[in-house]
Amino acid sequence: MVVVQMNQDHKIIGRVLADDVISDLGHFLLRRGMVLSPWHLQILKIHKIEYVVLQDMEAPPLNIQIKNVFKNNEEVSNLYYENVMEIKSLFQQAISREIPSLQTFMKPFTPLLETVIKGSNILLELHHIRGYDEYTYRHSINVGLLAATIGKILKYPNEITMILGKVGFLHDIGKMKVSHQILNKKGPLTDQEYGEIKKHTIYGKEILESIEGTEQALKIGALYHHERLDGSGYPHNLRGKEIPFLAQIIAVADTYDAVSSDRVYRNKYAPLEALNELVKDVYNGRLNGEIVLPFVNHIMNGYMGNKVVLSDGRRGQIVHLHIDEIYRPLVMLDDGQCIDLRKHRTIAIVNVFS
Ligand SMILES: [Fe+2]
């Protein structure tokens with residue numbers, strides 16, 4: 001068990017209560033075993049609760065998790081773990097010694113990318129991986145696979161989809177030149193540290209420029225994947241159509257994987273909350289709806305019929321998707337009762353299993 005102060009929201013959301021919560025006035029607020037959602041957090045704050053006792057969340061070693069996550073697909077399971085390790089050494093080599101050739105970079109990743117292009121739906125399972133071991137390398141693989149998936153959803157020919165996969169895979173290579181201490185800092189970043197992180201876009205373009213035969217698309221992806229349609233991104237505060245469409249696709253893949261993963265400074269969002277974050281970014285003018293909405297539909301259709309755990313601890317199955325609010329589906333509970341999450345907005349889906 002671990003005691004967490006209430007001012008650390010992102011260390012609390014998605015975690016399981018190890019003890020009942022009772023207010024100073026003796027009101028019973030939340031019971032042990034519940035998975036905490038943002039709504040629960042509000043209740044606790046209203047009642048001025050200062051800390052909560054949570055179950056331990058020690059993540060098992062990465063190789064064991066990958067085996068469990070892809071248990072129905074041994075080929076992908078082996079490829080994925082080998083990829084993380086090979087890519088780690090190649091990325092590190094890119095700054096410490098001679099930069100590997102583009103073919104060397106792509107060799108371990110291409111077979112995995114091909115399984116996605118052939119139609120493997122492994123992305124639906126990625127959100128089960130917990131902890132932040134080897135995050136940078138997993139993130140590169142995931143963004144590559146997600147970008148290729150978006151290419152497929154948008155019905156691009158296979159050659160373009162392959163390029164999108166490559167661009168996603170190498171989009172953050174510039175992070176290799178940013179200090180490890182800054183990238184893995186647990187507390188808030190100073191302005192100077194954030195400025196250094198922002199430079200990974202320019203470093204990425206420079207590294208890719210120094211590799212012979214690199215397609216223009218790769219440099220564009222590395223340089224512009226943090227630009228946002230409303231001009232709030234970096235490094236050049238580009239707006240709308242000034243941002244190449246390819247970089248807009250990488251932005252969606254990057255955002256989705258980042259919010260679906262545990263980070264040193266916060267826990268990951270539940271799978272549907274992560275989709276919701278993307279949709280919010282469309283409505284606040286940051287991400288492109290022409291990319292996000294088909295992607296959200298695709299992921300949710302993959303979850304149709306899957307088993308879910310709700311934030312109040314109940315379990316059920318997704319039985320119907322609403323077109324207008326696809327991430328708030330109808331769930332049939334294990335006791336046969338149906339619950340429409342559009343009408344019960346304080347209840348969230350905290351986990352999805354195939
Ligand atoms: Fe980035």
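User: What coordinates the iron ion?

Analyst: D172 (OD), H200 (NE2), H225 (NE2) and H226 (NE2) coordinate the iron ion, at 2.2 Å. Donors are N, O and S atoms within 2.8 Å of the metal (3.2 Å for Na, K and Ca); water is not among the atoms, so sites may look incomplete. This is a predicted model: local features need pLDDT of at least 70, side-chain atom pairs pLDDT 80 or more, while totals for chains, interfaces and linings use all residues. Residues are numbered from 1 along each chain as its sequence is written, and side-chain values use heavy atoms, without hydrogens or water.

User: What makes the arrangement of the four donor atoms irregular?

Analyst: Their angles around the iron ion run from 82 to 173°. Four donors are tetrahedral if all angles lie between 85 and 135 degrees; four are square planar and six octahedral if opposite donors are over 155 degrees apart and all others between 65 and 115; anything else is irregular. The angles therefore give an irregular arrangement.

User: Why is the pair of Y194 and Y234 called edge-to-face?

Analyst: A search of the whole structure finds three aromatic pairs. In this one, the ring centres of Y194 and Y234 are 6.3 Å apart and the planes are at 80°. Rings of Phe, Tyr and Trp (its six-membered ring) pair if their centres lie within 6.5 Å; planes under 30 degrees apart are stacked, over 60 edge-to-face, the rest tilted. So the pair is edge-to-face.

User: Are Y194 and Y234 buried, partly exposed or exposed?

Analyst: Y194 has 38% relative accessibility, so Y194 is partly exposed. Y234 has 11%, so Y234 is buried. Buried means under 20% relative accessible area, exposed over 50%, partly exposed in between (1.4 Å probe, protein chains only).
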